[in-house]
Amino acid sequence: MSMEITNVCEYEEIAKQKLPKMIYDYYASGAEDQWTLKENRNAFSRILFRPRILIDVSNIDMTTTVLGFNISMPIMIAPTAMQKMAHPEGEYATARAASAANTIMTLSSWATSSVEEVASTGPGVRFFQLYVYKDRDVVRQLVKRAERAGFKAIVLTVDTPRLGRREADIKNRFTLPPFLTLKNFEDLDLGKMERTNDSGLASYVASQVDRSLSWKDVKWLQTITSLPIIVKGVMTAEDTRLAIQAGVAGIVVSNHGARQLDYVPATINCLEEVVKAARGQVPVFLDGGIRRGTDVFKALALGASGVFIGRPVVFALAADGEAGVRKVLQMLRDELELTMALSGCTSLKEITRNHIVTETEMPRTLSRL
Ligand SMILES: Cc1cc2nc3c(=O)[nH]c(=O)nc-3n(C[C@H](O)[C@H](O)[C@H](O)COP(=O)(O)O)c2cc1C
């Protein structure tokens with residue numbers, strides 16, 4: 001019996017049935033108690049709408065510009081590692097689905113397809129997510145390859161000096177299946193992951209990723225590339241100001257899908273602080289828990305220039321490959337359009353802070369929701 005998929009979340013159950021437990025758990029997990037994992041979702045349900053009525057919504061424009069690139073909607077694809085564990089076409093399928101939807105894909109450093117392979121799938125605006133290895137020659141080479149392959153920005157992940165404790169991965173002794181490699185690192189002899197007495201990924205990170213990474217390395221990165229740098233993993237006003245001083249081109253408010261430090265707030269609850277501190281100097285994006293068009297609208301109302309989605313992509317890939325990812329993007333797009341229509345907004349710039357109300361602003365009866 002096949003059942004029609006009517007929302008993004010439904011792919012998770014299918015993925016769970018199809019994938020080996022070790023792989024499903026790796027995709028689904030958060031860190032430790034997974035409090036932040038739940039909170040990334042729950043926080044959206046504490047933001048309600050203040051819709052405006054009797055506005056002509058017969059034409060709705062969802063197009064926007066990110067770092068000067070025109071895209072069809074403010075919904076983009078976050079970097080998620082090792083997509084060929086979900087589907088044989090992995091990152092190729094994601095890249096094709098993103099270009100078909102005319103939006104941006106971010107390729108993970110730890111992809112199971114290389115920057116060159118992903119570029120060869122055809123045209124499309126793509127960003128490259130960077131983990132900084134201790135061996136800076138590795139980083140230099142990788143950034144050059146991403147540039148040459150036509151990637152348009154470096155998304156520097158700044159929340160991962162060490163890997164968060166994902167207990168399912170520890171219990172499962174998670175490791176990359178032997179028929180796959182971290183393709184970008186294959187020729188550097190860093191493409192394989194050992195099976196260890198721990199999460200194999202946590203051990204890999206401990207041995208390769210540079211824990212000493214600091215703001216001066218953001219400066220260093222600017223000396224080895226002319227691509228714009230977006231920092232991913234900012235949660236506070238303090239770091240927003242430092243990021244702008246360091247000359248970044250954009251900021252992603254992210255808690256790494258709740259996979260790093262547990263008990264940080266939901267990203268949607270950190271967004272406004274970061275947006276205020278950025279004072280319009282750089283665009284601020286958000287990821288974490290986006291599963292509905294209403295979530296996208298709420299993020300935009302709080303000042304985000306766009307959002308990124310992580311798990312919905314890997315679950316849809318597992319369930320239905322490229323078609324699944326296309327459908328995820330289409331469903332979120334349709335939901336955002338409907339949310340805009342029902343709120344009285346015909347373009348993204350018409351979405352304002354007054355279209356929503358957050359918990360602390362609600363009358364007491366409502367805040368007990
Ligand atoms: C399975 C998985 C793998 C991820 N791999 C990476 C990665 O390689 N690099 C990175 O910067 N973030 C990575 N992330 C974090 C995502 O980019 C993003 O911040 C997060 O998934 C957004 O939350 P969401 O999954 O609720 O949409 C990963 C997340 C998941 C779920």
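Predicted model: local features only at pLDDT ≥ 70, side-chain atom pairs only at ≥ 80, totals over all residues.

**Helix H4 against helix H13**

I started with the contact in which Ala93, Thr94, Arg96, Ala97 and Ala100 of H4 meet Val313, Leu317, Gly321, Glu322, Val325, Arg326 and Leu329 of H13. Contact here is a C-beta to C-beta distance within 7 Å, with the C-beta atoms placed from the backbone. By class I get seven nonpolar, two polar and three charged residues in this contact. Nonpolar covers Ala, Val, Leu, Ile, Met, Phe, Trp, Tyr, Cys and Pro, charged covers Asp, Glu, Lys and Arg, and the others, Gly among them, go down as polar.

Residue numbers run from 1 along each chain as its sequence is written.

Helices (H or I, at least four residues) and strands (E, at least two) are DSSP runs numbered from the N terminus. H4 spans residues 90-100 and H13 spans residues 311-343, and they pack at an angle of about 15 degrees with their axes 8 Å apart. The axes are lines fitted to C-alpha atoms, for helices over the stretch in contact, and the angles run from 0 to 180 degrees between N-to-C directions. I therefore put H4 down as roughly parallel to H13. The cut-offs are under 35 degrees for roughly parallel, over 145 for roughly antiparallel, 65 to 115 for roughly perpendicular, and oblique for the rest. H4 and H13 cross in a left-handed way; that word applies if the near helix is turned anticlockwise from the far one by less than a right angle, and right-handed if clockwise.

**Helix H12 against helix H13**

Next I checked H12 (residues 293-301), whose axis comes within 7 Å of that of H13 and crosses at roughly 60 degrees. That angle is why I call H12 oblique to H13. The crossing is right-handed. On the H12 side I listed Gly293, Thr294, Val296 and Phe297, and on the H13 side Leu332, Glu335, Leu336, Leu338, Thr339, Met340 and Ser343. The tally for this contact is six nonpolar, four polar and one charged.

**Helix H10 against helix H11**

The axes of H10 (residues 237-245) and H11 come within 8 Å and cross at roughly 35 degrees. This crossing is right-handed too. Ala237, Thr240, Arg241 and Ile244 of H10 make the contact with Glu273, Val274, Lys276, Ala277 and Ala278 of H11. I sorted these residues into five nonpolar, one polar and three charged.

**The annotated residues**

Which residues does UniProt list for "binding site"? The unreviewed entry gives Tyr26, Tyr131, Arg166, His256 and Arg259. UniProt positions are in the numbering used here, feature names are shortened, and annotations may be inferred rather than shown by experiment.

I followed up two of them. His256 is in the loop between strand E9 (250-253) and helix H11 (267-278), and Arg259 lies in the loop between E9 and H11. Is His256 buried or exposed? His256 counts as buried because 24 C-beta neighbours lie inside 10 Å. The scale is 20 or more other C-beta atoms within 10 Å for buried, 12 or fewer for exposed, and partly exposed in between. Arg259 is buried as well, with 23.

Leaving out residues up to four places away in sequence, His256 touches Asp159, Thr160 and Gly233. On the same terms Arg259 touches Ser29, Gly30, Ala31, Gly164 and Arg166; Arg166 is itself on the UniProt list.

**Positive phi**

Most residues other than glycine have a negative phi, which is what sent me looking for exceptions.

Leu67 has a positive phi of about 50 degrees. Leu67 is in the loop between strand E2 (64-66) and strand E3 (69-71), and is partly exposed because 17 C-beta neighbours lie inside 10 Å.

Arg279 has a positive phi of about 45 degrees. Arg279 is in the loop between H11 and strand E10 (284-287), and is exposed, with 10 other C-beta atoms within 10 Å.

Terms used:
Contact = placed C-beta atoms within 7 Å.
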